[in-house]
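This is a short report on a structure, arranged by topic. Please have the sequence and coordinates to hand.

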Amino acid sequence: MTTVRGAAAALNPAPAISFDHKRDAYGFAVRPQHLQRYREYANMYKEEEEERSDRWKDFLERQCESAPLAINGLPGNNSAIKSNVESTDSTADDSSNNGAEAKHANGGKPDNLSEENKEAPSASETKVHQVKIWAEIRSSLRAIEDMMSSRVKKVNLIKNEPVSGMRKKLSPIEEARPGKGASEEDSDEEFYDLERSESDPNLETLSADAIHALDTGVDSHATQPESLPPWKEELECLVQGGVPMELRGELWQAFVGVRARRVDNYYYKLLAPETNLGSKNTELDDRNRESNVLESVGVPEKWEAQIEKDLPRTFPGHPALDEDGRNALRRILTAYARHNPSVGYCQAMNFFAGLLLLLMPEENAFWTLVGVLDDYFDGYYSEEMLESQVDQLVLEDLVRQKFPKLVNHLDYLGVEVAWVTGPWFLTIYMNMLPWESVLRVWDVLLFEGNRVMLFRTTLALMELYGPALVTTKDAGDAVTLLQSLAGSTFDSSQLVLTACMAYQNVQETRLQELRNKHRPAVRASLEERSKGTKAWKDSQGLASKLYSFKKDPGSVIIGSDKPEQSDMQMNGDVSHLDSLSVDGDEEIDPVKDLKEQVVWLKVELCNLLEDKRSAELRAEELETALMEMVKQDNRRQLSARVEQLEQEIAEIRQVLADKQEQENAMLQILMRVEQEQKVTEDARMFAEQDAAAQRYAAQVLQEKYEEASAELAEMEKRAVLAESMLEATLQYQSVQNKPQPSPRSKQAQQSNQDHSPEIPTRKIGLLSRWRDRNKDPNDEKSLNEGQKLSPKQDNTNGHEVQEKV
Amino acid sequence: MASSGNKNINAKLVLLGDVGAGKSSLVLRFVKGQFVEFQESTIGAAFFSQTVAVNDATVKFEIWDTAGQERYHSLAPMYYRGAAAAIIVYDISNQASFDRAKKWVQELQAQGNPNMVMALAGNKSDLLDARKVESEEAQTYAQENGLFFLETSAKTAANVNEIFYEIAKRLPRLQQTPNPSGMVLVDRPAERANTASCCS
């Protein structure tokens with residue numbers, strides 16, 4: 001028992017583990033970008049945790065009180081709870097002891113009795129097998145466990161037929177390890193009961209009759225727990241609210257029905273070859289890890305190398321996964337691979353097993369893993385991962401239906417939901433959500449016993465983060481955002497409650513319908529692909545086919561049957577040539593019948609030729625179809641281009657027309673302006689001409705005026721001359737007719753004014769004067785003298801004239 | 001598919017290869033410049049994105065790091081469908097991982113995008129003593145299959161950025177170029193003739 005305690009202590013993180021600044025309360029690394037938020041939530045988690053343990057304690061106490069025959073056991077149970085809460089280390093002892101006491105006291109129920117019988121030997125067994133790492137869960141959870149275990153039984157009963165069907169497929173492996181296969185396939189709890197009653201650890205001695213007897217026993221067994229539901233709903237609420245840390249390991253076991261699943265010694269039997277191999281393994285570690293020692297070992301050992309590779313890659317650096325922890329992990333994974341060789345080892349199991357190891361002892365973890373993988377995730381981690389792909393299609397349906405807008409956006413960005421949700425489902429959210437949230441999801445998932453919670457959680461995440469996703473601009477951003485948002489979903493209560501409340505209507509039955517709808521398509525595409533990979537197979541693949549054919553004695557019918565079977569194996573191995581060759585080598589019969597080989601090869605050759613021909617035909621067809629499509633596509637593109645160009649031309653024309661119109665308008669305006677300009681220019685010219693003319697006229701007038709004034713001056717001169725002449729004449733006359741000078745002059749003046757008598761005299765005078773001037777300058781002198789004299793006379797004359805006038 | 005904007009290209013890139021060849025480590029080195037001795041096993045696939053500048057353009061890689069285990073193979077098409085580039089990773093100290101890499105190349109050639117840029121990365125080049133795959137062998141194989149080949153080490157960071165840059169350079173971009181350049185060629189001589197006649 002000390003070993004049990006030691007192991008449990010090493011692997012179970014103490015609930016009060018201190019908050020390391022980089023690791024959370026469970027010892028898992030917190031990503032640096034989430035440290036801040038984790039710290040914010042750490043206190044909330046603590047509070048929630050306290051509330052939770054109170055509520056559960058209360059529930060379990062009431063549970064014990066209401067248990068029909070538990071009155072005697074009550075004090076014992078209560079003390080068990082208290083001690084459980086106090087320390088996990090001691091619970092392993094206490095609970096089993098208390099449980100045993102309580103059951104002893106109960107006594108009334110037949111199955112309780114049998115359980116009690118079982119318990120005693122199991123306790124002693126733990127002491128006998130020193131390596132054994134197994135602990136019963138505390139008795140206070142027994143009622144829950146019983147209820148849950150009923151589910152296990154039913155599932156297994158229903159499963160019986162397909163399992164037996166599968167066994168045929170697995171027969172080669174069973175041949176490899178005779179006897180073990182039987183125990184594997186019928187690992188129902190019935191064995192458990194029987195084995196207890198016989199207290200015979202040797203499973204292989206089980207007879208078929210015993211199995212029958214058990215089957216009938218189970219039927220009556222299964223009906224009983226149906227009467228329990230009154231508190232089931234409360235339990236469901238509690239589970240959705242979260243499971244307290246210190247009860248989590250045990251409750252999970254109760255949910256999965258570990259005790260009902262457990263077959264005594266089975267785990268050790270599985271590991272039995274390991275005892276030889278175990279020592280080898282440590283050597284292997286020391287030597288070289290990847291050296292291929294495995295070919296010589298049985299088929300499941302091909303997983304050995306992969307498991308070995310993944311051990312240090314499972315929660316690297318986790319304090320609990322030290323060397324002992326990793327050895328335990330190796331044992332669990334190896335045991336599972338041997339337990340279910342058709343699945344073997346799949347990456348992701350290492351994380352599941354690692355998590356379970358942190359919460360419970362090794363063998364318990366193994367049985368929990370078996371429950372989860374064989375029941376909850378049947379077909380998920382097998383070679384084809386069929387169910388995993390089916391689930392993604394189902395999920396896509398649901399997301400499409402619930403979030404049409406989001407899906408539209410993702411479609412537009414070219415993002416497939418499954419890119420992100422595929423890993424979510426496969427890891428059951430491990431490493432995808434913060435740990436608190438992961439554990440809360442697991443609580444519900446394990447309780448419900450199916451994968452519904454996977455869907456509900458994704459739908460809740462989409463509801464929470466869909467609005468943000470719709471704002472993203474490209475595929476990369478969308479995926480990054482979704483990943484990082486999911487990674488920071490620290491509010492685990494919000495997540496789980498949204499999942500459970502808002503998507504309550506997502507039910508297993510509906511999911512099953514959708515799965516059935518999608519499964520054929522996935523299967524078909526898998527087959528298509530495996531055909532594709534088959535085409536790449538080299539002669540080795542053919543050889544293995546050949547040999548598997550050869551193993552059967554000649555008959556055609558069996559011959560056609562056998563290759564099919566090996567085909568199935570090959571599909572399973574999806575182009576894994578190494579494993580294929582290993583399979584093939586195993587099946588190789590050293591005896592070689594050349595004739596049969598030749599016949600087989602011929603047949604195969606014919607088939608291949610035919611395949612090739614049809615493939616070629618198909619290829620031709622496809623090519624012509626493709627050409628056609630390309631042509632059509634080209635034509636469509638061209639016509640689209642032409643249309644576009646035409647449109648462009650029309651547009652350009654339109655623009656051109658507009659431009660022309662504008663130009664015309666401008667021209668008109670310009671012309672008008674020009675005309676106006678011309679008009680004004682003309683006007684200006686006219687004005688100028690006018691001005692010139694006027695100036696000219698003015699000049700002319702000026703000239704005329706000057707002329708006139710000159711004439712006037714001359715006339716005046718002449719007049720003066722004439723006057724002087726007249727005066728002279730008058731003077732001359734007066735000299736001649738002295739007596740009457742003045743009246744004559746008056747008369748002369750009067751006659752001058754009359755003009756008629758005056759003019760001839762003047763003429764005469766002028767002519768004579770001219771003649772005189774030309775003939776005799778002296779005359780002129782005299783004339784000048786006379787003229788000189790005249791002004792005086794003129795003046796006097798003037799005076800006289802003026803006086804006269 | 002590389003969608004070409006003017007100078008920004010988004011390119012989906014997928015990493016394929018055997019378990020423990022170092023796919024995740026390569027990405028982690030390229031995206032975050034980190035290396036851890038024990039990288040957690042990748043389940044399904046993990047996504048990263050990183051932008052690099054090449055010549056005049058920036059390439060935003062949308063990187064899908066896939067799970068290496070055999071059976072996760074069945075999920076791979078979901079991730080390599082429509083990818084513009086792929087890095088097939090093997091471990092130079094593990095012959096089986098090289099054989100597996102060849103299988104991936106075959107599958108991509110058969111089912112992937114024919115214009116996909118494929119790179120072969122011989123990872124863990126720091127483990128010279130444990131070398132099982134000669135680089136000449138890989139180089140020859142890469143040439144025969146139209147891949148380009150580099151030996152990388154996520155641990156020492158050797159050739160890690162280089163392989164991504166080399167992919168970025170080889171991505172087909174500006175896919176619409178043929179048409180405009182054709183038009184220009186037709187137009188220009190005419191213009192030149194015109195100007196020539198004008199000038200002379």
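The sections below cover the basis and confidence of the model, then two sites.

## Basis and confidence

This is a predicted model, in which local features need pLDDT of at least 70, side-chain atom pairs count only at pLDDT 80 or more, and totals for chains, interfaces and linings use all residues. Residues are numbered from 1 along each chain as its sequence is written, chains are lettered from A and ligands numbered from 1 in the order written, and side-chain values use heavy atoms, without hydrogens and water.

The model has an ipTM of 0.85 and a pTM of 0.60.

## B:Ser153

B:Ser153 lies in the loop between β7 (148-151) and α5 (160-170) of chain B; helices (H or I, at least four residues) and strands (E, at least two) are DSSP runs, numbered from the N terminus. B:Ser153 counts as buried because its relative accessibility is 0%; buried means under 20% relative accessible area, exposed over 50%, and partly exposed in between (1.4 Å probe, protein chains only).

## A:Ile669

A:Ile669 sits in helix α29 (residues 594-736) of chain A. With a relative accessible area of 46%, A:Ile669 is partly exposed.
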